[in-house]
Amino acid sequence: MSSAPVLVLDIDGVVSLAQPGGPQPWDANLKQDWGFGSDEMVRDFFGKDWHEVVRGRLDLHVALHGYLEPKGLADRLEEFVAYWLEKDSVIDREVLAMADAWRKRTGGRCFAATNQEHYRVAYLRDQAGLGAHFDEIVYSAALGVCKPDRVFFTSAQARMGVTTAQSILFVDDSAANVDGARMAGWRAMLYRGPETLSQALAHWG
């Protein structure tokens, strides 16, 4: 185990720009392309089965089949997943460059910590190239618990092999997640754009 400096970044809202409500939302053309809108999907999918999916208790494809079948779209499930994953991988290369430069300067390790299910993590890591920038993507479906639960952070710390909680700087755009990390003893900051991250990294490690 190591107590060297560790940088941990959230994905949606920090590394990814594609979350609903973000600058390049993945669901911007959902109604036009698939015949149902994001509000409907929030109500009937994200508000229901997604909670089990993101904790690793229900496979994404199984949950989506149940959502798409009444719409007559179950036979296009794989196509929809591919659409979603591609649209939901608009990466902020400026943020990644900062993390890479910090790692090179300090010799520290860099992780992503995210509420995420298995398929998207694999896509982000292998297809979108995040695997080249992080030692590992630590995520809720693998841990069985979501941010901001304190157990997410203690389990993530164990998975990262970090002995000293204060050797971690965690960056997230959710105040609740920042508070959860601090409750677990991590250093944590609320992300408000690349400039705030640049300033923080200049003094970290």
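## Serine 89

Serine 89 sits in the loop between α5 (77–87) and α6 (93–106). The model is predicted. Serine 89 has a relative accessible area of 16%. Buried means under 20%, so serine 89 counts as buried.

Its side chain reaches two backbone oxygens. The one of glutamate 86 is at 2.9 Å. The one of leucine 85 is at 3.4 Å. Beyond its neighbours within four places in sequence, serine 89 is in contact with Ala18, Tyr123, Leu124 and Ala128.

## Serine 155

Serine 155 belongs to helix α9. Its relative accessibility is 23%, and it counts as partly exposed. A polar atom of its side chain lies 2.8 Å from the backbone oxygen of valine 151.

Histidine 61 is part of helix α4. Is histidine 61 buried or exposed? Its relative accessible area is 15%, so it is buried. Leaving out residues up to four places away in sequence, histidine 61 touches Leu77, Glu78, Val81 and Tyr119.

Leucine 58 lies in the loop between α3 (50–53) and α4 (60–68). It is partly exposed, at 26% relative accessibility. With residues up to four places away in sequence set aside, leucine 58 touches Asp49, Glu52, Val53 and Ala63. Asparagine 29 is 29 residues from leucine 58 along the chain. Their C-alpha atoms are separated by 27 Å.

## Strands and a cis peptide

Strands β2 (residues 109–114) and β3 (residues 136–139) pair in the parallel sense. Four bridges join them. In one of these, phenylalanine 111 has glutamate 136 of β3 as its bridge partner.

Proline 148 falls in the loop between α8 (140–143) and α9 (150–160). The peptide bond from lysine 147 to proline 148 is cis. Its omega is near 10 degrees.

## Aromatic pairs

A pair of aromatic rings is described by the distance of the centres and the angle of the planes. The count here comes to 18 aromatic pairs. Tryptophan 34 and tyrosine 83 form one that is edge-to-face. Their centres are 5.8 Å apart, with 70 degrees between the planes. Tryptophan 34 lies in helix α1 (residues 30–34) and tyrosine 83 in helix α5, so the pair ties together parts that are 49 residues apart in sequence. Both residues count as buried: tryptophan 34 at 9% relative accessibility, tyrosine 83 at 13%.

Phenylalanine 153 and tryptophan 186 also form an edge-to-face pair. The values are 5.1 Å centre to centre and 80 degrees between the planes. Why does this pair tie together parts that are 33 residues apart in sequence? Because phenylalanine 153 lies in helix α9, whereas tryptophan 186 lies in the loop between α10 (175–183) and β5 (187–190). Phenylalanine 153 is buried at 0% relative accessibility. Tryptophan 186 is buried at 2%.

## Aromatic cluster

Ring pairs also build a cluster. Its members are Trp26, Trp34, Phe36, Phe45, Phe46, Trp50, Tyr67, Phe80, Tyr83 and Trp84.

Terms used
Residues are numbered from 1 along each chain as its sequence is written. Side-chain values use heavy atoms; hydrogens and water are left out. Helices (H or I, at least four residues) and strands (E, at least two) are DSSP runs, numbered from the N terminus. Buried means under 20% relative accessible area, exposed over 50%, partly exposed in between (1.4 Å probe, protein chains only). Contact means heavy atoms within 4.5 Å. Two strands pair if DSSP finds at least two bridges between them. A polar contact is a pair of N or O atoms within 3.5 Å; within protein, one must be able to donate a hydrogen and the other to accept it, and residues adjacent in sequence count only if both atoms are side-chain atoms. Rings of Phe, Tyr and Trp (its six-membered ring) pair if their centres lie within 6.5 Å; planes under 30 degrees apart count as stacked, over 60 as edge-to-face and the rest as tilted.
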